[in-house]
Amino acid sequence: MNTSDPEYKEKNRVEGGTLYLVATPIGNLSDLSERGLKVLREVDFIAAEDTRNTLKLLTHFGISKPLISYHEHNKRERGEQIARKLKSGESCALVTDAGTPAISDPGEDLVALCAAYQIPVVSIPGCCAAITALTLSALPTRRFVFEGFLESDKKARRAQLNELAKERRTFILYEAPHRLCDTLEELYTALGERRIALCRELTKLNETVERMTLSGAVAHYKENSPRGEYVLVIEGASQVVSKNFWDNMTIPEHVEHYINEGRSRMDAIKQTAKDRGLAKSVVYNAMEEIKDREEE
Ligand code: SAM
């Protein structure tokens, strides 16, 4: 569309009574689109997940606007308030901490509320950590699954991991740095060996993409503490190229294999740890977890 076209002007007009989802940078401020900036300048008010963060962004671009907070803990009452303002003809831009609103953040609820009240919603596309990581992963991108954060409830998390073990498409996870080591171990236990891309601090000065195996990632992060924000991109089950007989086995299946050959449990654990280049304790813990599950 040509910028002087009436059609372009029409499409870019900020309308009262509309909710605009404005994607914001995930690190590099230059990634805010011209259209996103225009909407932030022209709406009546901005709903932000963290008003302090958004204030920094607005100050950088010289924008001054009424800000209200909209986050996980006030989304019910605040959502209704925002919907009332929209119904009365005001326009609102929703921004989250970073990236595309409604992707792993409470924006999803506000869009559902607006849809229920027949309030128009317009999405201004831009940064999304998941897609940025996927494009850098060097894993198959034709078909992929976005899982966001793994479930925090233990039982639901196990069910999710069991399902992911069978997933054939490349899949994408978000994870906080302080949980990364445990999550990598859990993934290795549930999925067996896979290729993984750990995409860290995307679009920022310290952006890194570590392409390795899951066992390599477990070992690496035992020695190096994770820092910054991470997206994990993991290859699907069908894409694994088997080099070792146990590549497609989970740790418990690998141990079971040796037990079925007549080895003692301890010996099977030792051999499994040796095959995979892991500490015995990692294999032992994986077996204990299976035992706990069976006892539950
Ligand atoms: N709505 C956002 C989006 O579109 O990507 C995601 C919000 S979610 C609450 C935050 C998670 O996104 C972080 O825990 C991290 O996993 C990922 N993330 C956000 N920014 C990132 C960055 N610059 N580098 C790597 N991961 C990032």
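**Entry 1: the ligand site**

I started at the ligand, which has 19 residues around it, and of these Ile26, Thr100, Ala129, Tyr174 and Tyr230 come nearest. I kept in mind throughout that this is a predicted model. For Glu175 I noted a polar backbone atom at 3.4 Å from an oxygen atom of the ligand. I then looked up the cover: on its own the ligand has 570 Å² of accessible area, and the protein covers 90% of that.

**Entry 2: the whole chain**

Stepping back, I counted 12 helices and 10 strands in the protein. Along the principal axes, the C-alpha atoms fill a box of roughly 75 × 40 × 30 Å. Buried residues make up 44% of the 296 residues, and the protein exposes about 15600 Å², of which carbon and sulfur atoms supply 48%. I also checked how far contacts reach along the sequence: among those between residues at least 6 apart, 68% join residues at least 24 apart.

**Entry 3: the parallel sheet**

I next traced an open sheet of 5 strands, in the order S3-S2-S4-S1-S5, and its pairing is parallel. Which strands stand at its edges? They are S3 and strand S5 (121-124), and because each has a single partner strand, one side of each is left without a neighbour in the sheet. Neighbouring strands of this sheet are turned by 25° against each other on average, direction ignored.

Within this sheet I went through the pairs around S2 and S4. Strand S2 (residues 45-48) is joined to strand S4 (residues 92-95) by 4 bridges, while S2 and strand S3 (residues 67-69) pair over 3 bridges, also in the parallel sense. Ile46 has a bridge partner on both strands, namely Ala93 in S4 and Leu67 in S3. Strand S1 (residues 19-22) runs parallel to S4, with 3 bridges between them, and here Ala93 in S4 is the bridge partner of Tyr20.

Helix H5 (residues 107-116) lies across S1, S4 and S5, and runs at about 155° to S1.

I then asked which way the side chains of S2 point. In a regular strand the side chains alternate between the two faces of the sheet. In S2, Phe45 and Ala47 point one way and Ile46 and Ala48 the other way, and all of them are buried.

**Entry 4: the mixed sheet**

Moving on, I traced another open sheet of 5 strands, ordered S6-S7-S10-S8-S9, with mixed pairing. Its edge strands are strand S6 (144-149) and strand S9 (208-213), each of which pairs on one side only. Neighbouring strands in this sheet are turned by 20° against each other on average, direction ignored.

I looked up His254, which is found in helix H10 (residues 251-260). Is His254 buried or exposed? His254 is buried, with a relative accessible area of 0%. The side chain of His254 makes a polar contact of 2.8 Å with the side chain of Asp275. Not counting residues up to four places away in sequence, His254 touches Phe245, Trp246, Met249, Thr272, Asp275 and Arg276.

I then turned to Glu42, found in helix H2 (residues 34-42). With a relative accessible area of 41%, Glu42 is partly exposed, since that class covers values between 20% and 50%. Leaving aside neighbours within four places in sequence, I listed Val14, Lys65 and Ser91 as contacts of Glu42. I also noted that Glu42 and Leu55 are 13 residues apart in sequence and 16 Å apart in space, C-alpha to C-alpha.

Key: Residues numbered from 1 in each chain as written. Predicted model: local features only at pLDDT ≥ 70, side-chain atom pairs only at ≥ 80, totals over all residues. Heavy atoms only, no water. Pairing = 2+ DSSP bridges. Helix = DSSP H or I, 4+ residues; strand = E, 2+ residues; numbered from the N terminus. Axes fitted to C-alpha atoms, helices over the stretch in contact; angles between N-to-C directions. Buried < 20%, exposed > 50% of the residue type's maximum accessible area, 1.4 Å probe, protein only. Polar contact = N/O pair within 3.5 Å; in protein donor to acceptor, adjacent residues only side chain to side chain. Contact = heavy atoms within 4.5 Å. Near = heavy atom within 4 Å. Areas by Shrake-Rupley, 256 points an atom, 1.4 Å probe, with all protein chains shown as cover.
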